[in-house]
Amino acid sequence: LAPATAHFHRSLSSNTFFNLKILSYVLSVFPKMSEENVHPQETSVADFEKNAREKSSEFVWTYHNAPGERGQTFMDNCEAFKRYRLIPRNLRDVYIRDTSVTVLGTKLDFPVAIAPTAGHKLVHPEAELATFRGAAAMNTGMVLSSWSHHSLEDVAAAAPSGVCWFYMLFYRDRGRMKQLLARAERAGYTAIFLTVDAPIFTWPLRKSAVVFPADIKIPNVTLDDVVPHAPGTLEHQAYLTRIAKEAATWDDVKWVIRNTSLPVVLKGILSADDARIAVDLGVSGVYVSNHGGREQDGLPATIDVLPDIVDAVGGKAEVYPDG
């Protein structure tokens with residue numbers, strides 16, 4: 001890929017990969033397609049999105065696709081890619097094509113991995129189990145969200161040969177974090193992802209409960225707690241606010257790095273200064289993300305800040321964009 005500016009070309013020449021929020025039912029069909037050796041009808045992200053819209057209820061589509069506030073960042077994420085052009089390099093031998101990339105020491109067949117997302121059960125009865133099987137069938141990676149409907153052990157067991165990384169919340173009780181880090185290591189996860197771009201939770205702003213059209217559980221958050229109220233209720237939102245640490249700091253990141261043997265990746269970096277701090281602390285990856293425009297509106301598109309982040313990291317860590 002050679003976009004219009006030399007500066008941006010240097011960014012894509014770095015070890016980068018794109019995470020796309022593809023709904024789990026789309027990924028779940030990949031194992032079947034692989035077995036039948038057929039090509040999917042969908043050939044672009046827009047095709048997958050259209051397919052998802054046709055198969056989703058209004059509630060599910062709104063839940064997965066609704067932007068934050070006025071949707072400025074959400075829309076700019078899409079429009080920003082249109083501002084760049086691909087310049088082909090001709091007269092190359094293209095009979096043998098290799099789209100593989102190495103991410104955190106693991107070779108993937110192509111540079112697209114699955115971002116951490118919630119609500120998979122709303123679009124597939126097996127939820128993240130199906131998503132991970134699809135990712136593994138394509139030999140690419142998946143970041144399992146803490147909001148998964150299945151335990152991190154069950155998801156890992158769904159595709160033992162797959163590549164899975166665990167996204168962990170920050171908690172007020174670090175004993176809770178230690179427990180999750182140890183479980184992730186034992187289950188075979190090969191990296192820990194930390195989201196740093198949600199300094200406040202949005203659910204306390206809700207005045208009414210959200211009623212999910214499925215039996216929703218989040219075992220990697222509740223752990224052994226007895227939670228009498230269902231996810232989406234105001235009582236459950238209050239419980240989450242009590243146990244999770246909203247305003248995490250660099251001290252929390254340093255603590256995680258010290259308490260796991262796995263590589264640590266920070267998701268939600270948009271500032272070159274923050275990227276430098278992260279690298280100095282010893283993170284293995286800087287994940288350029290604006291949360292899809294769902295948490296903080298008015299942020300820049302990730303692809304627009306990518307060159308500055310890559311320059312700031314200076315090859316000392318891997319860089320991954322989404323959006």
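This is a predicted model: local features need pLDDT of at least 70, side-chain atom pairs count only at pLDDT 80 or more; totals for chains, interfaces and linings use all residues.
Figure 1. The structure holds 3 aromatic pairs. In the pair made by F193 and Y287, the ring centres are 6.0 Å apart and the planes stand at 90°, so the arrangement is edge-to-face. With W165, the residues F193 and Y287 make up one aromatic cluster. K267 lies over the face of the Y287 ring, 5.5 Å from the ring centre.

**Figure 2. Surroundings of F193 in the nonpolar core.** F193 has a relative accessibility of 1% and therefore counts as buried, the limit for that class being under 20%. The largest nonpolar core has 68 residues, and the members that touch the most others are W165, F193 and V256. Residues up to four places away in sequence left aside, F193 touches L104, V143, W165, F166, Y167, M168, V265, Y287 and Y320. In soluble globular proteins, nonpolar side chains tend to be buried together.

**Figure 3. The buried side of helix 12.** Helix 12 spans residues 250–258, and its buried residues are D252, V253, W255 and V256. These residues lie on the same side of helix 12, because the arc they cover around the axis is only 160°. An α-helix has 3.6 residues a turn, so residues three or four places apart point the same way. The elements that cover the buried residues of helix 12 include strand 6 (163–168), helix 9 (174–187), strand 7, strand 8 (264–267) and helix 13 (272–281).

**Figure 4. D252, an aspartate of helix 12.** D252 is located in helix 12. Its relative accessibility is 2%, so D252 counts as buried. Which residues is D252 in contact with, leaving aside neighbours within four places in sequence? They are F170, R174 and K245.

**Figure 5. The loop between strand 6 and helix 9.** L169 is found in this loop, between strand 6 and helix 9. The relative accessible area of L169 is 8%, so L169 is buried. Beyond residues up to four places away in sequence, L169 touches S146, W147, M177 and V221. The C-alpha atoms of L169 and A244 are 7.1 Å from each other, although the two residues are 75 residues apart along the chain. Another view shows R176 and Y171: the charged end of R176 sits over the Y171 ring, at 5.4 Å from its centre.

**Figure 6. Helix 7 and the residue N139.** Helix 7 covers residues 128–137; 7 of its 10 residues are buried, so helix 7 is largely enclosed by the rest of the structure. The buried residues are E128, L129, A130, T131, F132, G134 and A135. N139 follows helix 7 and has a positive phi, near 50°.

**Figure 7. Cysteines C78 and C164.** The count of disulfides in the model is 0. C78, at 48% relative accessibility, counts as partly exposed. C164, at 5% relative accessibility, counts as buried.

Key
Residues are numbered from 1 along each chain as its sequence is written. Side-chain values use heavy atoms; hydrogens and water are left out. Rings of Phe, Tyr and Trp (its six-membered ring) pair if their centres lie within 6.5 Å; planes under 30 degrees apart count as stacked, over 60 as edge-to-face and the rest as tilted. Buried means under 20% relative accessible area, exposed over 50%, partly exposed in between (1.4 Å probe, protein chains only). A charge sits over a ring if NZ of Lys or CZ of Arg is within 6 Å of the ring centre and within 35 degrees of the ring normal. A nonpolar core is a set of buried Ala, Val, Leu, Ile, Met, Phe, Trp, Tyr and Cys residues joined through side-chain atoms within 4.5 Å. Contact means heavy atoms within 4.5 Å. Helices (H or I, at least four residues) and strands (E, at least two) are DSSP runs, numbered from the N terminus. The arc is that of the directions from the helix axis to the C-beta atoms. A disulfide is a pair of cysteine sulfur atoms within 2.5 Å.
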